[in-house]
Each structure stands twice: as C-alpha cells, then as structure tokens.
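Have a look at the picture below, then read on.

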Amino acid sequence: KHKSKCYFCGESEDCCLEFHHIDKDNKLFSIGKIPHTKSLEDVKIELDKTICVCANCHRKLHNKLLKYGKMG
C-alpha cells in the first residue's frame with residue numbers, strides 16, 4: 001500500500017515524506033509519536049490507515065486545498 005512517494009504529487013525525497021491518516025476518527029496514535037507500549041503489529045495496523053504524502057501536500061490536505069484522488 002505504501003509507496004516511497006507522495007500520493008498526490010509524486011515527491012520522493014525521504015526528508016519530505018509524512019504519513020496522513022485517511023480517517024482522523026479512526027486514528028489511535030500518531031505514526032511520528034509511537035508510544036513505547038505499541039507492538040510492531042500495532043504500528044503496522046496503524047500504518048494501514050494512512051497514505052504517504054509530502055509535507056506540502058499534507059498541509060494542503062489539512063487546509064482543504066487537496067482532496068483524495070486528485071489535486072484540489
């Protein structure tokens with residue numbers, strides 16, 4: 001499911017890539033702040049709830065400038 005490029009624009013520089021939860025109501029924890037109590041299986045389950053996006057597209061998503069499947 002996860003590719004090493006942005007879902008929207010194709011950016012592939014690792015330093016620019018982030019995970020975005022598709023359904024924030026289904027989010028149990030942030031991938032960037034994994035609690036020490038979580039197992040590898042828990043992390044994999046949480047990753048399956050996300051898409052890979054670059055930092056710019058991530059900000060655009062949160063500001064409703066982008067929609068899933070196409071540019072805003």
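Start with L61. Setting aside its neighbours within four places in sequence, L61 is in contact (heavy atoms within 4.5 Å) with F8, H20, V53, L66 and Y68. Before we go further, know that this is a predicted model, where local features need pLDDT of at least 70 and side-chain atom pairs count only at pLDDT 80 or more, while totals for chains, interfaces and linings use all residues. Residues are numbered from 1 along each chain as its sequence is written, and side-chain values use heavy atoms, with hydrogens and water left out.

L61 also belongs to the largest nonpolar core, which has 10 residues: C6, F8, L17, I51, C52, V53, C54, C57, L61 and L66. A nonpolar core here is a set of buried Ala, Val, Leu, Ile, Met, Phe, Trp, Tyr and Cys residues joined through side-chain atoms within 4.5 Å. Buried means under 20% relative accessible area, exposed means over 50%, and partly exposed is in between (1.4 Å probe, protein chains only). Strand 2 (50-54) and helix 2 (55-62) each give two or more residues to this core, and the largest share, four residues, comes from strand 2. In soluble globular proteins, nonpolar side chains tend to be buried together.

Now zoom out. The protein has two helices and two strands, which are DSSP runs numbered from the N terminus (helices: H or I, at least four residues; strands: E, at least two). From the N terminus on, the order is β-α-β-α. The radius of gyration of the protein, taken over C-alpha atoms, is 12 Å, close to the 11 Å that the globule rule (2.2 Å times the number of residues to the power 0.38) gives for 72 residues, so the protein is as compact as a globular protein of that length. Buried residues make up 28% of those 72 residues.

Next, find E46 in helix 1 (residues 40-47). Is E46 buried or exposed? E46 is buried, because its relative accessible area is 1%. Leaving out neighbours within four places in sequence, E46 is in contact with H21, N26, K27, L28, F29 and I31. Take K27: its C-alpha atom is separated from that of E46 by 7.3 Å, and the two residues are 19 residues apart along the chain.

Finish with Y7, in the segment before strand 1 (17-21). Y7 counts as partly exposed because its relative accessibility is 43%.
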